[in-house]
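Me: Got a new one on the screen and I'd like to go through it with you. Start wherever you like.

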Amino acid sequence: MSPDEKYMREALKQAKKAYDLKEVPIGCVVVREGDGKIIGRGYNRRNTDKSTLSHAEITAIKKASRVSGDWRLEDCTIYVTLEPCPMCAGAIVQSRMKRCVYGAASPKSGCAGTILNILNEPGFNHQVETVSGVLGEECTAILQDFFRDLRIRLKA
């Protein structure tokens, strides 16, 4: 198993926490490259927190910044189960993250190459190396299962 797959599995564990809360199952971890330590974890909590800002990436970035003692996360990779939205892609760029690895593409809000590519916008002062499709089938499956279950719950 590659390091990217290893850490994406950790992000999937976070996504399962969101699923258990009946939140859209998106999970994220931030890994410091020097020692491979996970320094931030997060999962989607928008409905639970009643906050637009409660995305998995925002939570994980906040925790990683607290652990590192700096808002700059230049030696870190963020792993997220779904392609970042505009807000999260912007936060990833602003945090100076080195890499972003995601599983499933997001055709409705993806800003790491699907709709826009905020992570690699040459006009910004920082670009983020991007890897897509890591454990993509598993990341897509948890989302499909969630929305299938949601439709069933809404019919009942």
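Reply: One term before we start: two strands count as paired if DSSP finds at least two bridges between them. Also, this is a predicted model.

Me: Fine. What does the sheet look like, and what's the strand order?

Reply: It's an open sheet of five strands, ordered 2-1-3-4-5, and the pairing is mixed. Strand 2 (38–43) and strand 5 (129–132) sit at the edges, each pairing on one side only. On average, neighbouring strands are turned by 15° against each other, ignoring direction.

Me: Remind me, what holds strands of a sheet together in general?

Reply: Backbone hydrogen bonds, with the strands either parallel or antiparallel.

Me: OK, strand 1 then. Parallel or antiparallel to strand 2?

Reply: Antiparallel: strand 1 (residues 27–32) and strand 2 share five bridges. They make a hairpin with five residues between them. Gly-36 sits in that turn, with a positive phi of about 70°.

Me: Give me some residues. What stands opposite Val-29 in strand 3?

Reply: Tyr-79 does. Over in strand 2, Val-29 faces Arg-41.

Me: Is strand 1 enclosed or open to the outside, and why?

Reply: Largely enclosed by the rest of the structure, because five of its six residues are buried. Strand 3 is mostly covered as well, with seven of its seven residues buried.

Me: Where does the parallel part of the sheet come in?

Reply: Between strand 3 and strand 4 (residues 99–104), which run parallel and are joined by five bridges. Ile-78, for instance, has Cys-100 as its bridge partner in strand 4.

Me: Helices now. Which strands does helix 3 lie across?

Reply: Helix 3 (residues 56–68) lies across strand 1, strand 2 and strand 3 (76–82). The helix runs at about 155° to strand 2.

Me: Which residues does Ser-54 touch?

Reply: Leaving out residues up to four places away in sequence, Ser-54 touches Tyr-43, Asn-44, Arg-45, Arg-46 and Asp-49.

Me: Switching to pockets. How much space is in the largest one?

Reply: About 440 Å³. The lining has 21 residues, and those nearest the centre are Ile-26, Leu-82, Ser-106, Ser-109 and Leu-143.

Me: Which element gives the largest share of that lining?

Reply: Helix 5, with four residues.

Me: Last topic, charges. How many salt bridges are there?

Reply: Eleven. One group is a network linking Asp-4, Arg-99 and Glu-129.

Me: What does Arg-32 pair with?

Reply: With Asp-35, the closest N and O atoms being 3.0 Å apart. Arg-32 has a relative accessibility of 21%, so Arg-32 counts as partly exposed. Asp-35, at 48%, is partly exposed too.

Me: And Asp-70, which residue is on the other end of that salt bridge?

Reply: Arg-72, with the closest N and O atoms 3.1 Å apart. Asp-70 is partly exposed at 28% relative accessibility, and Arg-72 is partly exposed at 37%.

Me: How far apart are the closest N and O atoms for Asp-149 and Arg-148?

Reply: They're 3.4 Å apart in that salt bridge. Asp-149 is partly exposed, with a relative accessible area of 24%, and Arg-148 is partly exposed at 40%.

Notes
Residues numbered from 1 in each chain as written. Predicted model: local features only at pLDDT ≥ 70, side-chain atom pairs only at ≥ 80, totals over all residues. Heavy atoms only, no water. Helix = DSSP H or I, 4+ residues; strand = E, 2+ residues; numbered from the N terminus. Axes fitted to C-alpha atoms, helices over the stretch in contact; angles between N-to-C directions. Contact = heavy atoms within 4.5 Å. Salt bridge = Lys/Arg side-chain N within 4 Å of Asp/Glu carboxyl O. Buried < 20%, exposed > 50% of the residue type's maximum accessible area, 1.4 Å probe, protein only. 1 Å grid on protein atoms, 1.4 Å probe; cavity = no way out; pocket = protein on both sides within 12 Å on 5 of 7 lines; lining within 4 Å. Points joined across faces, edges and corners; volume = space filled by probe spheres on them.
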